[in-house]
Amino acid sequence: MQDERAIPILVAVLEDGDQETIVRHEAGEALGAIGSQTVLPVLETYLKSEIPEISETCQLAIERIKWLNSAEYESGPMSDNPFSSVDPAPPSSHESIAEAEQKLLDENVSLFERYRAMFALRNVNTDSSALALTKGLSCSSALFRHEIAYVLGQMQNRVTVPALIKQLANKDEEGMVRHECAEALGSIAEKNCLEALKDFLRDSERVVRESCEVALDMFEYENSSEFQYADGLNKVTDTI
Ligand SMILES: [Fe+2]
Ligand SMILES: [Fe+2]
């Protein structure tokens, strides 16, 4: 929504050490999306958080706010985002799929630049760009892996299903990554996706159980007469 009136509560959530990391992350990301320079000091503070997902979120939000005030942003419209989401980084431009993939997977490149390559690959939206993105599910940053899974959900390309199921099934993976894999499988909604989601309805991690429950309910809703009626107003899978 990018409404500046939300800034105080979002700052309070980001600062609240009793909150789940995934919630604090979304609050930090929302501050980056709103894009006000007034939050730079608080973002700088949590850039030093010992929780990598919080620190990395603040790093990205700071970079996004700086980018909003850069010559590149001023110099005109970026390439179109066919998904009309407010992204934590703009897509990179003038890159082949192979170049973007190389940057995506390069652990020595800054996270912001790797996010830019990720959104460029998403916007290309072909089987090969989707498969290039699935390779990012093995990168070292959990935050990065969760965002990869999120964009795969936006793309809804069935070629990514095996990689998403594998990551959802990996009990050593972080809950926030498995959560995004479950949601992505729910948006793709092929038969094998639904079977995988059912397998994790009783997962020991709450965020995983709840994601599978929501994803399966969403599938049912999309195939119900209620959705046929609502179709055209809003595409339901875009709302989570
Ligand atoms: Fe997120
Ligand atoms: Fe999410």
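Is lysine 191 buried or exposed? Lysine 191 is exposed, with a relative accessible area of 66%; buried here means under 20% relative accessible area, exposed over 50%, and partly exposed in between, with a 1.4 Å probe and protein chains only. I will come back to that residue.

First, the ground rules. This is a predicted model, where local features need pLDDT of at least 70, side-chain atom pairs count only at pLDDT 80 or more, and totals for chains, interfaces and linings use all residues. Residues are numbered from 1 along each chain as its sequence is written, chains are lettered from A and ligands numbered from 1 in the order in which they are written, and side-chain values use heavy atoms, with hydrogens and water left out.

Now the metals. The iron ion (ligand 1) is coordinated by His25 (NE2), Glu26 (OE) and His146 (NE2), at 2.1 to 2.3 Å. Donors are N, O and S atoms within 2.8 Å of the metal (3.2 Å for Na, K and Ca), and water is not among the atoms, so sites may look incomplete. Along the chain, the spacing of these donors is H-E-x119-H. Glutamate 26 sits in helix α2 (residues 21–34) and histidine 146 in helix α9 (residues 142–155), so the pair ties together parts that are 120 residues apart in sequence. Helices are DSSP runs of H or I with at least four residues, numbered from the N terminus. Glutamate 26 is partly exposed at 35% relative accessible area, whereas histidine 146 is buried at 1%.

The iron ion (ligand 2) has His179 (NE2) and Glu180 (OE) as protein donors, 2.0 to 2.3 Å from it. Histidine 179 and glutamate 180 are both buried. The two iron ions, ligand 1 and ligand 2, are 5.0 Å apart.

Next, the second largest pocket. On a 1 Å grid over the protein atoms alone, a pocket is an open set of points where a 1.4 Å probe fits, with protein on both sides within 12 Å along at least five of seven lines; lining residues have an atom within 4 Å of a point. This pocket holds about 310 Å³ of space. Its lining includes Glu20, Glu53, Met176, Arg206 and Glu210. Helices α2, α11 (175–188) and α13 (206–222) each supply at least two lining residues, and α13 gives the most, with three. Domain 1 (4–74) and domain 2 (97–239) both contribute to the lining, so the pocket lies between them. Those domain bounds come from an automatic or database domain assignment.

Last, the salt bridges. A search of the whole structure finds 13, each being a side-chain nitrogen of Lys or Arg within 4 Å of a carboxyl oxygen of Asp or Glu. Glutamate 210 is partly exposed at 36%, and arginine 206 is exposed at 57%.

Back to lysine 191: its partner is glutamate 195, with the closest N and O atoms 3.1 Å apart. These two residues are in helix α12, again four residues apart. Glutamate 195 is partly exposed at 39%.

Glutamate 190 forms a salt bridge with arginine 158, the closest N and O atoms being 3.1 Å apart. Glutamate 190 is in the loop between α11 and α12 (191–199) and arginine 158 in the loop between α9 and α10 (161–169), so this pair ties together parts 32 residues apart in sequence.

Key
Points joined across faces, edges and corners; volume = space filled by probe spheres on them.
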